[in-house]
Amino acid sequence: MVSKDSNSFSHNSDSSSIISIGFEGTAHTLGVGIVRDNEVLANVYDTYIPPEGGIHPRKASEHHGDVVREILDQALNNADIRIEDIDVISFSKGPGLGPCLRMVATAARSLSNYYEIPIIGVNHCLAHIEIGRLVTGLTDPVTTYVSGGNTQIIAYEGKKYRIFGETLDMGIGNAIDSLAREMGLPFPGGPKIEKLAESSNNYIKLPYSVKGMDLSFSGTMTKAINMLEDGSPKEDIAYSFQETIFSALTEVTERALSHTEKDEILLTGGVAANKRLRNMLEIMAEDQNADFKVPPSSLCIDNGAMIAHLGKIMYESGVRHDLMDTQVRQKYRTDEVDVIWRKD
């Protein structure tokens, strides 16, 4: 059992005291978070660690089903509230792995029906952005969102979160994990690749794939694996791989910043923990006179608090969902959502 709880975070707000509970389960992490106003009361999560290979959606879903009651009870206990005190139930509607999404949606619907509490299905990607805006104080950033399955450069414009660049094949986190598996490193591979990269400064040229404003990582990963099979040192491969893919990501972020004429950059998602990626974006932000910030790690990874927060501000803005609105969507696009809670 690897259940954890983040430190609570509060932010001054004039909003009414709505209590929202959020269920996150798009991939390997089952999370339950509780927020009141703009304060995180609880943020508990448990991560499925596959014995080998990558994430198997059905196995991850079974894990979520096994731990959801315990994680829920722990969150309620940490927040010192009862389920009857909840004003709105929020859950990750997508994007994500189908079996995992359906399990979490079923849990949220069951509580909603039994306790007659309103339910809101939220977009997982937008939840990362909104919790990031809350805890960093950034108001209108260009967001560099990097996780296992998602890589997007996002900015708000005209009641939508617009995607200014994204991966054309695989998420940056999945690319890193795939290389780590080929090196015999256990899941999650990101921290291990980062550690290896720190012991080298020998750059070996790899494919650099920026196509317009979009990115591609599969060719870079394949070449890195070929280098591994040819006997190149793992440290050099890890270093070269990070330098290549993070440089591409920084380039696209910089161009989006220039295009939108914004002066803030938010980095979020599980890969945001990588110190080299942070360093590259921070240097670029300084060159562009932009404010660069990263939320605490517990709010960058997939977590229930971000789902609860987005559900709360959607509910406060007048959004209401019935049962038909709670169908999960594995390919729920960031730019599909009408962002009625933000004022231009």
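1. Helix 4 (172-182) and helix 7 (234-260) are among the elements that cover the buried residues of helix 6. Contact here means heavy atoms within 4.5 Å. Buried means under 20% relative accessible area, exposed over 50%, and partly exposed in between (1.4 Å probe, protein chains only). Helices (H or I, at least four residues) and strands (E, at least two) are DSSP runs, numbered from the N terminus.

2. This is a predicted model: local features need pLDDT of at least 70, side-chain atom pairs count only at pLDDT 80 or more, and totals for chains, interfaces and linings use all residues. Residues are numbered from 1 along each chain as its sequence is written, and side-chain values use heavy atoms, with hydrogens and water left out.

3. Helix 6 spans residues 218-229, 12 residues in all. From first C-alpha to last it reaches 17 Å, close to the 16 Å expected at 1.5 Å a residue. That expected span is 1.5 Å times one less than the number of residues. Its buried residues are Thr220, Met221, Ala224, Ile225, Met227 and Leu228. They sit on the same side of helix 6, because they cover an arc of only 155° around the axis. The arc is that of the directions from the helix axis to the C-beta atoms. Just after helix 6, Gly231 takes a positive phi of about 100°.

4. The largest nonpolar core has 45 residues. Such a core is a set of buried Ala, Val, Leu, Ile, Met, Phe, Trp, Tyr and Cys residues joined through side-chain atoms within 4.5 Å. Ile172, Ile176, Leu179, Phe241, Phe246 and Leu277 have the most contacts inside it. Elements that each supply at least two residues of this core include helix 4, helix 6, strand 12 (264-268) and helix 8 (275-287). Helix 7 gives the largest share, 11 residues.

5. Which residues does Leu277 touch, leaving aside its neighbours within four places in sequence? Leu277 is in contact with Val146, Phe246, Leu249, Leu267 and Val271. Another core, of 31 residues, lies apart from the largest one; Ile154, Ile313, Tyr315 and Val337 are among its members.

6. Strand 12 is mostly covered, with 5 of its 5 residues buried. Glu264, Leu266 and Thr268 point one way, Ile265 and Leu267 the other. Strand 12 pairs with strand 7 in the parallel sense over 4 bridges. Two strands pair if DSSP finds at least two bridges between them. Val142 has Ile265 as its bridge partner in strand 12. Strand 13 (residues 291-293) also runs parallel to strand 12, joined by 3 bridges. There, Leu266 stands opposite Lys293.

7. The whole structure holds 17 salt bridges, each a side-chain nitrogen of Lys or Arg within 4 Å of a carboxyl oxygen of Asp or Glu. In one of them, Glu198 and Lys275 have their closest N and O atoms 3.5 Å apart. Glu198 lies in the loop between helix 5 and strand 10 (210-211) and Lys275 in helix 8, so the pair ties together parts 77 residues apart in sequence. Lys275 counts as exposed, at 52% relative accessibility.

8. Arg255 and Glu251 form a salt bridge, with closest N and O atoms 2.6 Å apart. They are 4 residues apart in helix 7, so about one helical turn separates them. Arg255 is partly exposed at 34% relative accessibility, and Glu251 is partly exposed at 25%.

9. Glu336 and Arg329 meet in a salt bridge at 2.5 Å, N to O. Asp140, Lys262 and Arg342 are linked in a network of salt bridges.
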